[in-house]
Amino acid sequence: MKIIEGRDVDLLYPFPQKELKRVFSWLRCYRTIPEIDSFPGTAEALGEAMARVPTMQTFGIVDKNNFLQVRHEVPLIGMCTLDRDTLVNCNIHVTSNRKAWNSRLVDQATLLLVNYAFRYLPELTRVTLNCLSSNGPGRALARELRFRYEGCIRDAVVINNVPANMALNGLTRTDWNDFGLSEQVIEPVELVYKETGELVHG
């Protein structure tokens, strides 16, 4: 087991397979994802689909200081993957529960993964982060980490039998160096709830 240590989060590799049901439940919370026609129907099917991609490394995102007060023996708050589809490019994918996403701990984890990729894969010239064009939080994450919007991949997925677009976002090694991302600090955000139960930033 490998641990990539960050300030408020650690990345745990390999991802503990026994926790896939939790990941599947997080994904089900995002209405659009289960509606993609190729989305696995069960946690077991999700694990099998991940195993069929030998180039993909899957990491658990651990809230090392239990900032979100997760009531579980492992304060696992998300999952991220690094899929090296060519010698020079890696694709990054991230999922988490909503509370973790709003706290910016997911931003920390994704930056930690980007830094790991560029530091330990010397042939790498870029990392790619794709998301649905309608995925506002995903596009905001890409902007926060200085990814450049590189265009729209039209009709890249099918949702409820309707083609949907993907936003292509890229970060080159030159960008990573120029922006000093290896030294960037992302502060977590305290979360508070209104009496209505609506989640807001504190």
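Is Asp8 buried or exposed? Asp8 is buried, at a relative accessible area of 11%; buried stands for under 20% relative accessible area, exposed for over 50%, and partly exposed for what lies in between, with a 1.4 Å probe and protein chains only.

## Basis

The model is predicted: local features need pLDDT of at least 70, side-chain atom pairs count only at pLDDT 80 or more, and totals for chains, interfaces and linings use all residues. Residues are numbered from 1 along each chain as its sequence is written, and side-chain values use heavy atoms, with hydrogens and water left out.

## Salt bridges

Side chains of opposite charge can pair when their charged atoms come close. A salt bridge is counted when a side-chain nitrogen of Lys or Arg is within 4 Å of a carboxyl oxygen of Asp or Glu. The count by this rule is seven.

Asp8 pairs with Arg7 in a salt bridge, 3.1 Å from N to O. Arg7 is partly exposed, at 44% relative accessible area. Asp10 is buried, at 12% relative accessibility, and forms a salt bridge with Lys64, with 3.2 Å between the closest N and O atoms. Asp10 is in strand S2 (residues 9–13) and Lys64 in the loop between strands S3 (56–63) and S4 (76–83), so this pair ties together parts 54 residues apart in sequence. Helices (H or I, at least four residues) and strands (E, at least two) are DSSP runs, numbered from the N terminus. Lys64 is partly exposed, at 33%.

Glu150 and Arg126 also form a salt bridge, at 2.8 Å from N to O. This pair links strand S7 (residues 148–159), which holds Glu150, to strand S6 (residues 126–132), which holds Arg126, across 24 residues. Glu150 is partly exposed, at 36% relative accessible area. Through shared partners, salt bridges join Arg7, Asp8 and Glu187 into one network.

## Nonpolar cores

A nonpolar core is a set of buried Ala, Val, Leu, Ile, Met, Phe, Trp, Tyr and Cys residues joined through side-chain atoms within 4.5 Å. The largest has 36 residues, and Leu11, Leu82 and Val127 have the most contacts inside it. Helix H5 (105–120) is among the elements that give two or more residues to this core, and H5 gives the most, with ten.

Apart from this core lies another of 15 residues, including Leu12, Leu20, Met50 and Met79.

## Helix H3

Met50 is also one of the buried residues of helix H3 (residues 43–51), along with Ala43, Leu46 and Gly47. These four are on the same side of H3 because they cover an arc of only 100° around the axis, taken from the directions from the helix axis to the C-beta atoms.
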